[in-house]
Amino acid sequence: MKGADYILKRVGFALVTIFVAVTINFALFRLAPGSAVTNLARVPHATPETRLAIKRQFGLDKSKLTQYRIYLVQLMHGNLGVSFANSQPVRDNLKTALINTIPMVLLGTMFAIVIGTLTGVIAAWRRGTGAEAASVTTALGFYSMPTHWLGLMLVILFAGILPTGGMSNEFLINPPFWTHVKDLAAHITLPALTLGLVLFGEYTLIVRSAMLETLGEDYILTARAKGLRPGAILRKHALRNALLPIATLVALSLGYIVAGAILVETVFSWPGIGRAVYDAVLQRDYPMLQGAFLLLTVSVVFFNLVADLLYFRLDPRISE
Amino acid sequence: MSVALREPGAVIESEPIRSRRGVVWETIRRRPSALAGAVILSVIILGALLAPWIAPYDLHTQVGPVFGAPSWAHPLGLDDGGIDMVTLLMWGARVSLLVGFAATLVSMLIGGTVGLLAGYFGGKTDTILMRITDYFLVIPDVPLMIVVAAIWGPSLFHIIIVIGILLWTSTARVLRAQVKSVRELVYVKRARSLGASHTRIVLRHVLPQVAPLLIASTVLTIAVAIFDETALAFLGLGDPSRISLGKMIENAFQRAAISTGAWWAIVPPGVLVALIILACSLIGGALEDALNPRLRVAHLSARTFRLRPLVGRGEEAV
């Protein structure tokens with residue numbers, strides 16, 4: 001029954017991490033330097049009465065512990081507060097933003113995983129040749145570029161050919177279905193490509209070292225000695241085993257994906273979570289910022305848990 | 001592999017214990033990629049340090065039209081305030097490198113302490129410290145940095161602290177593993193039995209052994225810190241009174257350098273950041289490759305590794 005034990009442990013860890021994140025989130029905004037009233041409600045030159053009213057309204061006259069309890073209870077009910085910027089519930093704002101972000105990030109990440117795995121495997125398999133040097137150099141190059149700067153370079157290169165901002169052409173009113181799809185596809189290309197290229201660099205390097213490690217194992221030597229075809233060794237013996245560390249490392253790069261999404265969406269005015277974070281920072285819209293931070297953290301923790309469980313499924317050695 | 005069949009004691013041929021001093025330079029000197037990285041980084045650091053003396057123009061004086069095109073007098077053109085780009089790049093690199101190095105120093109202090117304590121004392125200390133590290137590892141850095149920077153307000157000092165307190169996790173983990181193995185070495189045990197205090201053992205015997213790896217980790221952290229500074233500046237969280245490379249990219253983006261066609265205002269600062277990160281990655285990667293026993297073994301077989309460490313050396317030393 002070791003398996004159940006393992007799963008329970010990982011789920012427990014994820015839950016505690018989320019709790020820690022929630023607490024950090026509370027502490028950062030409530031215990032921040034400066035008056036909570038000015039932080040929360042941005043009212044310059046308010047009369048003492050107004051201040052008191054605001055304090056009451058936000059429950060700031062209660063003790064920190066009570067405030068924390070209220071915060072937790074509200075959070076359980078899915079209440080993330082109201083955005084300063086557009087007076088809408090933060091939850092609704094985030095939901096719209098999340099729906100816009102997912103396809104873009106998914107497309108970019110898929111691109112990076114496919115191309116990155118391919119070049120990484122080639123680099124490891126052809127160790128010491130020009131192919132390795134070329135793929136490692138390219139990967140390191142993309143890895144070194146600041147994400148938003150790479151996006152701006154693509155804007156310069158493709159301006160006029162592909163749309164460089166927004167999610168759809170606002171001048172198309174009730175377009176036919178296919179025109180709309182084509183329009184969306186054109187808009188998603190550059191942001192997804194930017195994210196994909198940056199991640200591609202990272203993944204190539206990860207896959208290469210995971211493959212090199214596997215290729216050094218004795219069972220590869222055995223397979224060679226048995227006279228198996230190189231292609232079969234690569235696919236059945238090396239790649240399958242290298243997939244394990246790759247899966248974990250891809251999961252660990254999630255924080256990197258999140259950072260990339262924030263920068264990419266800012267460059268391309270993509271109306272997703274990242275852009276919401278940027279706007280919230282510019283307008284000092286604290287409830288929105290708080291909500292977005294929580295959403296990003298929870299999703300990273302969640303996908304880490306998924307990766308852990310996947311690893312458990314893939315590697316029978318863990319359950320032994 | 002044939003090694004597996006021999007007696008454990010016979011495997012010490014691996015390599016002589018190198019003198020600690022000079023390990024870092026020796027590694028860099030031997031690998032062309034690391035050497036290239038060191039040269040690039042040195043040139044950039046030199047340019048940044050000498051900015052007050054060799055920068056061609058004044059940092060705050062408009063010397064031509066807004067977004068003036070590159071010319072003989074201004075090889076990289078002018079920025080949105082009509083200031084010479086070469087001058088800006090030198091001063092900008094100065095601020096970016098300052099943030100990179102200072103933030104890394106903060107994270108080295110935290111990560112180094114956590115790694116040393118967890119690895120050296122083991123047991124409960126280890127469990128607690130590593131749990132905390134795990135939490136920090138999972139929570140995404142950049143959003144947390146954005147939140148903290150947004151609340152604290154933009155200033156160079158805040159940015160350094162924010163980046164520093166969030167980047168220490170990998171250092172702590174790498175160091176902990178290394179300290180754990182050093183702790184078991186015979187001369188450390190001997191020092192303990194002679195009655196040396198923990199402080200003395202850590203400072204005199206453990207720290208010098210793990211220092212090269214700490215340096216490798218430092219160089220890699222500098223790259224991340226500089227990337228983070230660029231990202232924060234781009235999101236409007238940079239120090240408004242200091243011009244850094246990240247701030248230059250943000251300014252150019254905000255003031256529509258692209259639609260004006262002024263590529264020279266936006267390409268060079270990014271290239272410079274990419275070069276710094278590339279150089280740090282090359283140096284750090286090579287050092288880690290050479291110094292981290294786990295990675296060194298990655299290119300051999302797993303079995304040679306299991307037999308090699310500690311056992312042989314221990315018996316010989318006794």
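Q: Why does the span of helix 7 of chain A agree with what a helix of twelve residues should show?
A: In this predicted model, helix 7 of chain A has twelve residues, which at 1.5 Å a residue should span 16 Å. The expected span is 1.5 Å times one less than the number of residues. The end C-alpha atoms of helix 7 are 17 Å apart, and therefore the two values agree.

Q: Which residues of helix 7 of chain A are buried, and what covers them?
A: The buried residues are A:T147, A:H148, A:W149, A:L150, A:G151, A:L152, A:L154 and A:V155. Their cover includes helix 8 and helix 11 of chain A, together with helix 10, helix 11 (245-254) and helix 12 (267-291) of chain B.

Q: What is found just after helix 7 of chain A?
A: There, A:G160 takes a positive phi of about 95 degrees.

Q: Why is B:M145 called buried?
A: A residue is buried if 20 or more other C-beta atoms lie within 10 Å of its own. B:M145 has 23 such neighbours, and therefore counts as buried.

Q: Where is B:M145 found, and with which residues is it in contact?
A: B:M145 is found in helix 6 (residues 141-152) of chain B. Leaving aside neighbours within four places in sequence, B:M145 is in contact with B:V162, B:I163, B:L166, B:D228 and B:L232.

Q: Which residues touch the most other members of the largest nonpolar core?
A: They are A:V277, A:L289, A:A292, B:M145, B:I146 and B:C280, in a core of 162 residues. The largest share of this core, 17 residues, comes from helix 10 (residues 198-234) of chain B.

Q: With which residues is A:V277 in contact, leaving aside its neighbours within four places in sequence?
A: In chain A they are A:I262, A:L289 and A:A292, and in chain B they are B:P143 and B:I146.

Q: How many residues does each chain give to the contact?
A: Chain A gives 39 residues and chain B gives 38 residues. Helix 13 of chain A gives the most to the side of chain A that touches chain B, with seven residues. The residues of that side divide into 27 nonpolar, nine polar and three charged.

Q: How many helices and strands are there in chain B, and what share of its residues count as buried?
A: Chain B has 15 helices and zero strands. Of its 318 residues, 45% count as buried. Among contacts in chain B between residues at least 6 apart in sequence, 72% join residues at least 24 apart.

Terms used:
Residues are numbered from 1 along each chain as its sequence is written. Chains are lettered from A and ligands numbered from 1 in the order in which they are written. This is a predicted model: local features need pLDDT of at least 70, side-chain atom pairs count only at pLDDT 80 or more; totals for chains, interfaces and linings use all residues. Two residues are in contact if their C-beta atoms, placed from the backbone, lie within 7 Å. Helices (H or I, at least four residues) and strands (E, at least two) are DSSP runs, numbered from the N terminus. Ala, Val, Leu, Ile, Met, Phe, Trp, Tyr, Cys and Pro count as nonpolar, Asp, Glu, Lys and Arg as charged, and the others, Gly among them, as polar. A residue is buried if 20 or more other C-beta atoms lie within 10 Å of its own, exposed if 12 or fewer, and partly exposed in between; C-beta atoms are placed from the backbone. A nonpolar core is a set of buried Ala, Val, Leu, Ile, Met, Phe, Trp, Tyr and Cys residues joined through C-beta atoms within 7 Å.
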